[in-house]
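Hello,

Here is the structure you asked to look at. Please keep it open while you read the notes below.

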Amino acid sequence: MKPYKGYVAEIWYEEDDAAFHGIVHGIRDTVHFEAYSAEDLPQAFHDSVDDYLAFCKERGVDPQKPYSGKLALRTTPEIHALLGRAAASDGKSINQWISDTLAEVAQKRVDEGSTKVKTRAH
């Protein structure tokens, strides 16, 4: 499912009620939606985001934005050194090399156009 107004969804299927459930991913607030068919999921997602934004406006609070652009990454010293060598070979800082590489891989994944749906075990 495509992002909507900058927000993305995490979706799973619940066998108990034979419905798809989702949450708006990447914010601290809980914004939940559900649909009984895959075709209805995008509209349910859009409605939940719109309701969230309207709720925030009514209360006079700024809605949470999904991503700040700051990402903390922990890795091994060996991988850190490898990243440094790769970045240097491209004439970039490690931060810029990681950002460019992740953007390229993420765009490829998004362009594939599929959303993985999880089944939650009870």
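Predicted model: local features only at pLDDT ≥ 70, side-chain atom pairs only at ≥ 80, totals over all residues.

Aromatic rings

The count comes to four aromatic pairs, taking rings whose centres lie within 6.5 Å. One of them joins Y13 and F20, with 5.1 Å from centre to centre and 65° between the planes. That pair is edge-to-face because its angle is over 60 degrees. Y13 is partly exposed, at 26% relative accessibility. F20 has 16% relative accessibility and is buried, because buried means under 20%.

Another pair is F33 with F45, which is tilted: the centres are 5.5 Å apart and the planes make an angle of 40°. F33 belongs to strand 3 (residues 32-35) and F45 to helix 1 (residues 41-59), so this pair ties together parts that are twelve residues apart in sequence. Both F33 and F45 are buried. Ring pairs also bring in Y4, so that Y4, F33 and F45 are linked into a cluster.

Helix 2 and helix 3

How do helix 2 and helix 3 lie relative to each other? The axes of helix 2 (residues 77-89) and helix 3 (residues 94-111) cross at roughly 85° and come within 9 Å. The two helices are therefore roughly perpendicular to each other, a term that covers 65 to 115 degrees. On the helix 2 side, the contact is made by H80, L83, G84, A86 and A87. Helix 3 contributes I94, W97 and I98. Of the residues in this contact, six are nonpolar, two are polar and none is charged.

Regards

Notes. Residues numbered from 1 in each chain as written. Heavy atoms only, no water. Phe/Tyr/Trp six-rings, centres within 6.5 Å; stacked < 30°, edge-to-face > 60°. Buried < 20%, exposed > 50% of the residue type's maximum accessible area, 1.4 Å probe, protein only. Helix = DSSP H or I, 4+ residues; strand = E, 2+ residues; numbered from the N terminus. Axes fitted to C-alpha atoms, helices over the stretch in contact; angles between N-to-C directions. Parallel < 35°, antiparallel > 145°, perpendicular 65-115°, else oblique. Contact = heavy atoms within 4.5 Å. Nonpolar A, V, L, I, M, F, W, Y, C, P; charged D, E, K, R; others polar.
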